[in-house]
Amino acid sequence: MSASPAIAPDLVGEAHTAQTATTSGERRRARSAITVASVARRVGVTAFAVLLLVFILGPLVWLGVHAFAGSWTYPHLGPDSWTLRWWQTVFSDESLGTAIRNSLVISPIVVVCSALICLPAAYAFARFDFVGRRTFLIGLFATNAFPRMGLFATLASLYYALDLMNTVTGIVIVQLLGTVVFMTWIPAAAFAAVPRSLEEAARDAGASRIRVFFTVTVRLALPGILVGAVMAFLASFDEAQGTYLVGAPDILTMPTEMYTLVLNYPKQVAAVFSILLSIPSVVLLLAVRKHVMGGQLAEGFQIK
């Protein structure tokens, strides 16, 4: 009977030691699992980044190399020679130069026409609650929800009736279809985000409605309008199907001229022309990157 009190503390100590060891083992296993999960996540992110760079930068690198390659034969890993001859070919070719001029002239016209048509509608969508408002907003996506070639083919009969085929006016109308959604949704969200209190304060200070609109409303909504204009320009500048259907063979733009380049020119010329075609997009996106990355583009499609 006297040995029991002496044994009890030893049993308690052993149990405590075993429990401590078990807890330590569980902690080590938990830390090990966290480490493995962290490494796996980093590997996955790195692999995704590499694939993204390959798919995005890979074609650009391919175009850049071919634009300056004199010839490139198998099994060489690099070009056999380098030259600027393909750039001279592009700039000296009259048809290619005409296509460049057409794109640089028609796309700004489309953006201006789109702004004149869509900005008043964007302001109305942002500031007024009228019957069918949500239906009209959703309907703006209808032109982009289905393949456009069917829409263009349907418009062809109307174009022939109105004598709009092979005209700049016809091309402008076709390209407007792809800009409406950008020049309406994004500016509408920008107008909706302008605080009414600032407009009321300006009115209380004696400013007229027109002055308040241009000095307060438009000024604060300008970043969203700018993003919408850039996206509209890119949509117009890159449009090819409708432009080719309406304008060919008399009026060709840079995207439609690519069909001819791929079929009838050396691939180095197509590479040079592709680089020239991508320059406006890159320059404009870099110019408005602050507003795009700041959420103006995403906010444009969240208007309610």
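This is a predicted model: local features need pLDDT of at least 70, side-chain atom pairs count only at pLDDT 80 or more; totals for chains, interfaces and linings use all residues.
Local features were taken at pLDDT of at least 70 and side-chain atom pairs at pLDDT 80 or more, whereas totals for chains, interfaces and linings use all residues. Residues are numbered from 1 along each chain as its sequence is written, and side-chain values use heavy atoms, with hydrogens and water left out.

Helices are DSSP runs (H or I, at least four residues), numbered from the N terminus. Helix α9 spans residues 196-204 and helix α10 residues 209-237. The two pack at an angle of about 150 degrees, and their axes lie 10 Å apart. Axes are lines fitted to C-alpha atoms over the stretch in contact, and angles run from 0 to 180 degrees between N-to-C directions. The crossing of α9 and α10 is right-handed (the near helix is turned clockwise from the far one by less than a right angle). On the α9 side, Leu198, Glu199, Ala202 and Arg203 make the contact (heavy atoms within 4.5 Å). Ala, Val, Leu, Ile, Met, Phe, Trp, Tyr, Cys and Pro count as nonpolar, Asp, Glu, Lys and Arg as charged, and the others, Gly among them, as polar.

Side chains of opposite charge can pair when their charged atoms come close. The model holds 1 salt bridge (a side-chain nitrogen of Lys or Arg within 4 Å of a carboxyl oxygen of Asp or Glu). Arg127 pairs with Glu199, with 3.0 Å between the closest N and O atoms. Arg127 sits in helix α3 (residues 94-127) and Glu199 in helix α9, 72 residues apart.

Both partners of the salt bridge, Arg127 and Glu199, also line the largest pocket. A pocket is an open set of points on a 1 Å grid over the protein atoms alone, with protein on both sides within 12 Å along at least five of seven lines; lining residues have an atom within 4 Å of a point. The pocket volume is about 210 Å³ (the space filled by probe spheres set on the points, which are joined across faces, edges and corners). Helices α3, α9 and α10 each give two or more residues to the lining. The lining counts 3 nonpolar, 1 polar and 6 charged residues.

One cavity of 30 Å³ or more was found (points where a 1.4 Å probe fits but cannot get out). The largest cavity holds about 30 Å³. Its lining consists of Phe152, Leu155, Ala156, Tyr159, Val174, Leu245 and Val246. Helix α6 supplies the largest share, 4 residues. The lining has 7 nonpolar residues, no polar and no charged.
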